[in-house]
Amino acid sequence: MPQQDHLTARLVVDDDFEVAPVNNRLFGSFVEHLGRCVYTGIYEPDHPTADEHGFRKDVIDLVKELGATTIRYPGGNFVSGYRWEDGIGPKQERPRRLDLAWHSTETNEFGLHEMAEWLEATGGNELMEAVNLGTRGLQEALDLLEYANVPGGTELSERRRANGADKPFDIRMWCLGNEMDGPWQLGHKSAEDYGMLAASVAAGMRQIDPDVELVVCGSSAHGMPTFGKWEQTVLEKTYENVNFVSCHAYYQPFFKEDGTRDMASFLASGVDMDGFIKDVAATTKAHLKSAHDVYISFDEWNVWYQGEEPSKTPEGIGNWPVAPRLLEDIYTAADAVVFGDLMITLLKNADRVHAASLAQLVNVIAPIMTEPGGPAWRQTTFYPFSLTAKLAKGGTVLEPKLASGTYETDKYGEVPTINSVAVRGEDGTISVFVVNRSMEAANDFAIKLPEGFALSAVEAQTLHEDDLLAKNTLEDQNRVVLHPNTTITSDADTGTVRVTLPPVSWTAVHVK
Ligand code: AHR
């Protein structure tokens with residue numbers, strides 16, 4: 001398609017109007033016992049970089065560079081058939097079990113203690129633990145909480161101490177099951193049944209530890225047939241006893257009738273995520289009479305080519321591989337732009353979204369890839385995540401006042417060409433994250449800084465490739481990286497910064 005003349009858009013950064021402080025938990029991620037996320041991902045005792053616990057140090061370094069905070073664990077669909085006790089105690093005595101969610105064998109070599117130790121090694125990241133409400137219920141959830149959080153003096157807490165963790169794990173965030181609305185989920189339930197169970201588990205958990213922060217399952221996708229009604233029913237039963245309701249969303253470019261992919265709609269995935277958040281926020285606000293507030297934990301989000309080869313689970317009664325290659329999507333430059341747009345959308349909704357988990361962290365639809373015995377490297381999506389985390393953590397989201405053109409999509413109708421958000425840092429600097437969704441035209445983007453802002457320096461980094469399908473692979477690990485955007489200019493007199501955004505690009509502007 002021929003390039004159109006440059007489009008224009010403008011963001012007015014108004015320091016007087018704040019959306020909300022950026023909760024560091026927005027930069028959470030997710031480690032599930034799925035494929036090679038744990039085994040040969042974060043844990044590989046034979047790897048040349050492995051530490052005394054068997055953790056890959058090359059991966060730990062990348063996790064630190066990524067800037068991930070809270071880690072959701074151990075699933076995902078996996079948790080709905082998981083017995084947490086299998087993963088504690090001497091490793092040689094731990095049972096091998098069928099993992100029905102991913103048709104694999106779980107060796108249980110890695111469990112709760114290993115996860116806590118690994119989080120220490122990553123710099124003290126927070127654990128967000130999920131309990132199994134698929135095949136299990138109230139008693140097992142209470143047992144796990146007692147094991148994890150009670151200091152000592154009872155059979156379970158003393159067992160933890162005997163297993164090497166003298167101090168309690170002191171886990172604050174707990175997911176009450178996973179995607180219980182999904183018919184694929186082991187132990188899937190109706191909203192009524194799940195709501196009743198979640199309410200009793202929440203109340204019971206609070207009898208042990210009143211200060212836990214509980215996440216009740218919302219819908220596993222915006223497009224679920226039960227969406228809306230599910231949230232309403234579940235929240236009616238659990239509202240006073242939970243702190244978060246979850247949202248999950250995965251995006252991919254679907255095929256059009258002519259066999260090509262609908263990139264225009266895919267590039268507007270942030271529009272759907274925004275609508276999802278607004279819809280769920282409206283449901284939580286329906287409880288206005290309560291003094292208590294329930295926020296959103298967007299605890300699974302990403303681009304995922306579901307149904308394609310890397311996501312096909314093994315089959316056969318005699319075929320239950322250990323840590324097979326599963327969901328190992330290799331992301332393109334276009335995927336990273338959509339991904340950056342999703343991060344912008346989460347930030348824009350920081351008043352309602354207080355936690356989020358990028359699904360997942362290593363190998364499985366992940367920003368970090370590894371080879372067993374070999375290297376670890378950054379996928380294209382690594383870059384928008386790490387730079388957003390670096391610039392936005394500790395900051396405050398400012399109300400986005402954005403004037404942008406629009407374009408037409410098959411899936412979402414007319415959508416803005418530009419999506420953008422500004423964050424004021426703790427040090428008073430301003431970071432603007434912006435995505436140009438246009439496939440045809442560059443965009444001359446103007447940022448009007450707050451009145452009186454003493455502008456001294458500006459810089460911009462852009463992720464863009466002429467080849468939208470460019471990827472980072474084992475053979476070419478740095479094909480797609482961020483580049484300084486040299487088009488940036490600033491005018492201190494008018495308090496304006498200008499930068500040209502190439503078509504299908506993600507940019508972070510940092511103004512000091
Ligand atoms: O992240 C992959 C899977 O997607 C999770 O196990 C499940 O919760 C979701 O459907």
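What we have here is a predicted model, in which local features need pLDDT of at least 70 and side-chain atom pairs count only at pLDDT 80 or more, while totals for chains, interfaces and linings use all residues. Residues are numbered from 1 along each chain as its sequence is written, and side-chain values use heavy atoms, with hydrogens and water left out.

On a 1 Å grid over the protein atoms alone, a cavity is a set of points where a 1.4 Å probe fits but cannot get out, whereas a pocket is an open set with protein on both sides within 12 Å along at least five of seven lines, and lining residues have an atom within 4 Å of a point. Grid points are joined across faces, edges and corners, and a volume is the space filled by probe spheres set on the points. Over the whole structure, the search finds four cavities of 30 Å³ or more.

The second largest cavity holds about 70 Å³, and its lining includes Tyr82, Trp84, Glu129 and Arg136. By class, that lining has seven nonpolar, one polar and three charged residues. The largest cavity, at about 90 Å³, is lined by 13 residues, with His33, Gly35, Thr105, Glu106 and Ala323 nearest its centre; six of the lining residues are nonpolar, five polar and two charged.

Turning to the open sites, the largest pocket has a volume of about 710 Å³, and of the 39 residues that line this pocket, Ser220, Ala221, Tyr250, Trp304 and Gln306 are the closest to its centre. Its lining divides into 18 nonpolar, 15 polar and six charged residues. The second largest pocket has about 390 Å³ of space, and among its 20 lining residues the closest to the centre are Ala116, Glu117, Glu120, Pro168 and Phe169. Here the lining has seven nonpolar, five polar and eight charged residues.

Finally, the cysteines: there are zero disulfides, meaning pairs of cysteine sulfur atoms within 2.5 Å.

Notes: Ala, Val, Leu, Ile, Met, Phe, Trp, Tyr, Cys and Pro count as nonpolar, Asp, Glu, Lys and Arg as charged, and the others, Gly among them, as polar.
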